[in-house]
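Please look at the sequence and the structure first.

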Amino acid sequence: MATGRTHRPASRSRGIPEATVARLPLYLRALTALSERSVPTVSSEELAAAAGVNSAKLRKDFSYLGSYGTRGVGYDVEYLVYQISRELGLTQDWPVVIVGIGNLGAALANYGGFASRGFRVAALIDADPAMAGKPVAGIPVQHTDDLEKIIEDNGVSIGVIATPAGAAQQVCDRLVAAGVTSILNFAPTVLSVPDGVDVRKVDLSIELQILAFHEQRKAGEETAAGDGALPAATTREESADQGPDGDVPAVMPA
């Protein structure tokens with residue numbers, strides 16, 4: 001069985017922009033829902049609406065994959081599911097370790113969407129000796145003393161850190177030294193990693209703070225409108241700008 005350790009995604013060599021890569025999971029989620037309803041084809045407008053992007057951006061993204069659809073017919077749903085899954089590296093097995101089995105780590109271990117998306121939770125690891133051997137989601141928790149051996153035995157290249165902030169960097173260093181080259185970080189801290197290691201950070205408090213900002217702005221616009229002032233014009237896409245490319249990557253699977 002192939003593992004993440006023997007394969008690197010094709011997107012870098014093919015020059016697909018990172019913003020496009022960040023949207024591919026959104027398209028795949030929408031396409032999977034269509035496939036489950038046995039919908040054979042979909043137009044760019046329908047798929048864009050389901051994914052929450054505009055159709056021009058979708059068509060440009062798909063052009064990087066070499067997929068242009070058929071005029072008057074649209075895109076073949078099953079083929080696009082396969083094409084995007086292949087591009088994302090989801091047509092093979094990706095063993096994953098989760099380090100830190102507190103409330104969040106246990107919730108991640110119990111998330112049923114990993115397996116259906118090409119990821120296998122190979123091991124659960126925690127520093128608490130009292131946790132050792134306890135099953136979580138049917139998987140016995142192992143102690144951090146065995147972290148390096150666990151990674152080697154399972155051919156792991158993707159690690160998930162769900163530890164407290166104070167322990168995250170040390171765990172990260174051990175994961176990287178053991179051969180992990182991609183890390184999903186849920187700890188509320190910024191990790192330092194060497195070149196060649198990819199880190200994706202998920203901070204739920206930051207996402208809530210961004211939402212609070214938009215709620216405050218909407219409340220201010222309503223007050224201004226009530227006072228007779230014209231509110232600033234905004235659109236759904238404009239309110240989501242927060243990077244040089246103006247794109248918002250998904251941070252959690254639905």
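Valine 81 is buried, its relative accessible area being 17%; buried means under 20% relative accessible area, exposed means over 50%, and partly exposed lies in between, all with a 1.4 Å probe and protein chains only. The residue belongs to helix H5. Helices (H or I, at least four residues) and strands (E, at least two) are DSSP runs numbered from the N terminus. Between valine 81 and tyrosine 27 the C-alpha to C-alpha distance is 8.6 Å, with 54 residues separating them in sequence.

## Basis of the values

The model is predicted: local features need pLDDT of at least 70 and side-chain atom pairs count only at pLDDT 80 or more, while totals for chains, interfaces and linings use all residues. Residues are numbered from 1 along each chain as its sequence is written, and side-chain values use heavy atoms, with hydrogens and water left out.

## Chain totals

The chain has 254 residues, of which 37% are buried. Its secondary structure comprises 10 helices and 9 strands. Of the contacts between residues at least 6 apart in sequence, 60% join residues at least 24 apart.

## Helix packing and the nonpolar cores

The axes of H2 and H5 approach within 9 Å and cross at roughly 145°; axes are lines fitted to C-alpha atoms, for helices over the stretch in contact, and angles run from 0 to 180 degrees between N-to-C directions. This crossing of H2 and H5 is left-handed, meaning that the near helix is turned anticlockwise from the far one by less than a right angle. On the H2 side the residues that meet H5 include Leu24, Tyr27, Leu28 and Leu31, and on the H5 side they include Val77, Leu80, Val81 and Ile84.

The largest nonpolar core has 22 residues, and Tyr27, Leu31, Val42, Leu47, Leu58, Phe62 and Ile84 have the most contacts inside it. A nonpolar core is a set of buried Ala, Val, Leu, Ile, Met, Phe, Trp, Tyr and Cys residues joined through side-chain atoms within 4.5 Å. At least two residues of this core come from each of helices H2 (18-36), H3 (44-51), H4 (55-64) and H5 (77-87). The biggest contribution is that of H2, with 7 residues. Leucine 47, neighbours within four places in sequence aside, is in contact with Tyr27, Ala30, Leu31, Leu34, Val42, Leu58, Phe62 and Leu80. A second, separate core has 19 residues, among them Ala122, Ile125, Leu147 and Ala187.

## The sheet

Seven strands form an open sheet in the order S5-S6-S4-S3-S7-S8-S9, with mixed pairing; two strands pair if DSSP finds at least two bridges between them. Strand S5 (135-136) and S9 are at the edges with a single partner strand each, so one side of each has no neighbour in the sheet.

Strands S3 (residues 94-99) and S4 (residues 119-126) run parallel and are joined by 6 bridges, with isoleucine 98 opposite leucine 124 in S4. S7 (residues 158-161) and S8 (residues 182-185) also run parallel, over 4 bridges. S8 in turn pairs with S9 (residues 198-201) in the parallel sense through 4 bridges. Asparagine 185 stands opposite isoleucine 161 and opposite lysine 201 in S9.

## Helices across the sheet

S7, helix H9 (residues 165-177) and S8 form a right-handed β-α-β unit; right-handed means that, with the strands pointing away from the viewer, the path from the first strand over the helix to the second runs clockwise. H9 lies across S3, S7 and S8, at about 170° to S7. Helix H8 (residues 147-154) lies across S3, S4 and strand S6 (139-143), at about 165° to S4.

## Positive phi values

Most residues other than glycine have a negative phi. Serine 38 has a positive phi near 60°. Serine 38 sits in the loop between H2 and strand S1 (41-42) and is exposed, with a relative accessible area of 62%. Alanine 137 also has a positive phi, about 55°. Alanine 137 is in the loop between S5 and S6 and is partly exposed at 38% relative accessibility.

Note on methods. Contact means heavy atoms within 4.5 Å.
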